[in-house]
Amino acid sequence: MSTHTVSVLAFDGMSAFETGIVTEVFGLPRPEFDPPWYELTICAETPGPVRVLGGATLHTPYGLEVFAAAGTVVVPGVPDVTADPSPGLVAALRRAHARGARIMSICSGAFALAAAGLLDGRRATTHWRYADQLRRRHPTVTVDPDVLYIDDGNVLTSAGSAAGLDLCLHVVRRDFGAAIANAVARRLVIPPHRDGGQAQFVEAPVTDDPDDDRIARSMAWALAHLAEPITVDVLARQARMSARSYLRHFHRATGDTPIRWLIDRRVQASLALLETTDTPVEQIARAVGFASPVTYRHHFTRAVHTSPSAYRRTFHNTVPTPPE
C-alpha cells in the first residue's frame, strides 16, 4: 500500500520534540523536490487538546481511525513504559498493520508496537535505558540495544528520541533515494548517515585535557588522508605522542581504539561513493584506504549489515517512483 500519507500519535504529557522529529522530516513542505512530498497528520487517541511539556496544548481533530488509516504510522513514544498502552491504540496498530501500513516507533514507542504483537519474533530497538525492560516485558522480541534503528521491512524501530531523525531519514532514502535524503539532511544540518550505535552515547566522563586537542587534530588529519596507509604510529606522530600514550589518550577521549575508529570512518566515507557514483567497489575500497576489496567488504558488512553491492542497489542516486 502507499506510504505517502503519514500519521504520528500525540499523547498527553509528551515533549513537543517527539512529534517535532516526525513533523520536520515528513510534514515540512519540500517544494524544491520534484516528487510530491508526504502528507502528515498529527493524531491523538481522543480528538481534542493534548497537553505537552512546558504548559502548552496541542489540539488535533484527528483520532485513532485517521491514525490507523495512514500508509506510514508513527508512534514517537508512550506516556509510561511500565504501563500497558490502551486497548484502543493496540487495536489501531493491529488494524494498520493488517492493512499493510508501514509501522514505525521512536524511543519508547516500541513498547506500544510490542504490546500490539507487531514485534513478536522480530529484532527491535528502543532507548538504551529501556532495553532491559522491553526484553523482560516482551520476551518474544529480540531486543538489540546497540543500534540507532532497525529496519525490519514494514516494521521499523529506533533508539532514543534523536535517533528518530536517523530512522526518518532512512525512510526518506528508501522512498525517494539517496540524493533527496541527503538534501533533507543538509536542510536539517545533520549527517545523512551516522555510523555506530547508541552505546557510544551512554554517559562517559568528560575531561579537560590539553592532550585531547592533539587527539582531535590527529583525527582531523586522518579524515583528510583516508586513502593513505594509516597506522597507530602514524597517528601518534601527528599528535606528537608515543604510540602507547596515543592509544591511552585516544581511548579516553573516544571510548574506542584508533583502528576501529578509522575503519568506521572509511566505511562511512564509502557510502557517498556507493550512493552517487558507478565507481567499481574495488576502486572505492582503495579510495577510502582499505588494503583490499575483501577487507573492505568484511568491515562494510560488519558495520552496515549488508554488502556494498546490496547497499548500492538500495541507495544508489536514483529517484524511485514516488509514493502515491
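Tutor: N182 touches R173, P192 and E275, leaving out residues up to four places away in sequence; contact here means heavy atoms within 4.5 Å. The structure is a predicted model, in which local features need pLDDT of at least 70 and side-chain atom pairs count only at pLDDT 80 or more, while totals for chains, interfaces and linings use all residues. Residues are numbered from 1 along each chain as its sequence is written, and side-chain values use heavy atoms, with hydrogens and water left out.

N182 sits in helix α7, residues 178–188. Helices are DSSP runs of H or I with at least four residues, strands are runs of E with at least two, and both are numbered from the N terminus. With a relative accessible area of 13%, N182 is buried; the classes are buried under 20%, exposed over 50% and partly exposed in between, for a 1.4 Å probe and protein chains only. The C-alpha atoms of N182 and A272 are 9.5 Å apart, although 90 residues separate the two in sequence.

One of the residues touched by N182, E275, is also among the buried residues of helix α11. An α-helix has 3.6 residues a turn, so residues three or four places apart point the same way. Helix α11 covers residues 258–276, 19 residues in total, and reaches 28 Å from its first C-alpha to its last. That is close to the 27 Å expected at 1.5 Å a residue, the expected span being 1.5 Å times one less than the number of residues.

Next come two other helices, α9 (residues 232–239) and α10 (residues 243–254), whose axes come within 9 Å and cross at roughly 85°. The two are therefore roughly perpendicular to each other. Axes are lines fitted to C-alpha atoms, for helices over the stretch in contact, and angles run from 0 to 180 degrees between N-to-C directions. Under 35 degrees counts as roughly parallel, over 145 as roughly antiparallel, 65 to 115 as roughly perpendicular and the rest as oblique. On the α9 side the contact is made by V232, D233, L235, A236 and A239, and on the α10 side by A243, Y246 and L247. These divide into seven nonpolar, no polar and one charged, where Ala, Val, Leu, Ile, Met, Phe, Trp, Tyr, Cys and Pro count as nonpolar, Asp, Glu, Lys and Arg as charged, and the others, Gly among them, as polar.

Another buried residue is V52, at a relative accessible area of 12%, in the loop between β3 (48–51) and β4 (57–60). Beyond four places in sequence, V52 touches M14, T57 and L58. M14 is 38 residues away from V52 in sequence, and their C-alpha atoms are 5.0 Å apart.

Backbone geometry also deserves a note. Most residues other than glycine have a negative phi, and most peptide bonds are trans. C107, not a glycine, has a positive phi of about 55°. C107 lies in the loop between β6 (102–105) and α4 (110–115) and is buried at 8% relative accessible area. H305 likewise is not a glycine and has a positive phi, of about 65°, but H305 is exposed, at 58% relative accessibility.

H305 is placed in the loop between α13 and α14, and T306 lies in that loop too, between α13 (293–304) and α14 (308–315). T306 is partly exposed at 25% and, beyond four places in sequence, is in contact with F300, T301 and Y311.

Finally, confidence: pLDDT is the predictor's confidence in each residue, from 0 to 100. The chain has a mean pLDDT of 89, with 91% of its residues at 70 or more. Over residues 202–208 pLDDT stays under 50, and the model has four contacts for this stretch beyond four places in sequence. Residues 319–324 also stay under 50, with 18 such contacts. Where pLDDT is low, the predicted coordinates should not be read in detail.
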